[in-house]
Amino acid sequence: MTTDEILFDAEERMEKAVNVFRDELRGLRTGRATPALVDSLRVEAYGSPTPLKQLAQISTPDPQSILIRPYDQSILKDIEKAVRSSDLGMSPNSDGKMIRLQVPPMSGEQRQKMVTRIKKSAEEAKVSCRNIRRDGNKQFDQAEKNKEMTEDDRDAGKEEMQTLLKKYEEKITEMADKKSRELLEQ
């Protein structure tokens, strides 16, 4: 493999790790209603667990409530059951046509726990990126061993890999800090 191929592969994988972290942040409850809170909720419908966003229209009419309108009224009870059994901590109010969820304001203690959770998730994302760097460095070593590149090329490639890692670690830190500030401001 060439240096560019190894770096391109590593960058793609690091980008995926950052996207997973971004999606995880979107799903965190911050005291404000957002459709992302219930997007990933799985509902036992039609014989298999299905993401809620495929079964219903999700909207936020105001900052404290989420409105779920199922496309098929027959699965309203299934959606209600999924919300009750989730770890969202919200109780669904159904009127037979749609479900309304009230997002309770968070206490200071809950906010601190959430910030701790964000830091932990950020560290996991960084570890994932570091593992990708390790794999890339192994590929550089292997390419040099197989005489596909020189020692200098290998070392230069490893330096570029380190630069790439720093870039993605900074992205993750920036996202975590932004979400933490957003949580603590409210």
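These exercises work through the fold, dimensions, surface and one residue of a predicted model.

**Exercise 1. Fold**

Task: State how many helices and strands the protein chain has, and give their order.

Solution: 
- Count the elements. The protein chain has 6 helices and 6 strands.
- The order is α-α-β-β-α-β-β-α-β-β-α-α.
- Turn to the contacts. Take those between residues at least 6 apart in sequence; 64% of them join residues at least 24 apart.

**Exercise 2. Dimensions**

Solution: 
- Along the principal axes, the C-alpha trace spans about 70 × 40 × 25 Å.

**Exercise 3. Surface and charge**

Task: Describe burial, accessible surface and charge placement for the protein chain.

Solution: 
- Burial: 40% of the 186 residues count as buried.
- Surface: the accessible area comes to about 11,000 Å², and carbon and sulfur atoms hold 48% of it.
- Charge: there are 34 positive and 35 negative charges, and their mean positions lie 7 Å apart.

**Exercise 4. Ser86**

Task: Where is Ser86, is Ser86 buried or exposed, and which backbone oxygen does its side chain reach?

Solution: 
- Locate it. Ser86 sits in the loop between helix H4 (76-85) and strand S5 (92-94).
- Apply the cut-off. Buried means under 20% relative accessible area. Ser86 has 18% relative accessibility, so Ser86 counts as buried.
- Find the partner. The Ser86 side chain reaches the backbone oxygen of Val83 at 2.8 Å.

Conventions. Residues numbered from 1 in each chain as written. Predicted model: local features only at pLDDT ≥ 70, side-chain atom pairs only at ≥ 80, totals over all residues. Heavy atoms only, no water. Helix = DSSP H or I, 4+ residues; strand = E, 2+ residues; numbered from the N terminus. Buried < 20%, exposed > 50% of the residue type's maximum accessible area, 1.4 Å probe, protein only. Contact = heavy atoms within 4.5 Å. Areas by Shrake-Rupley, 256 points an atom, 1.4 Å probe, with all protein chains shown as cover. Lys, Arg positive; Asp, Glu negative; His and termini not counted. Charge placed at Lys NZ, Arg CZ, Asp CG, Glu CD. Polar contact = N/O pair within 3.5 Å; in protein donor to acceptor, adjacent residues only side chain to side chain.
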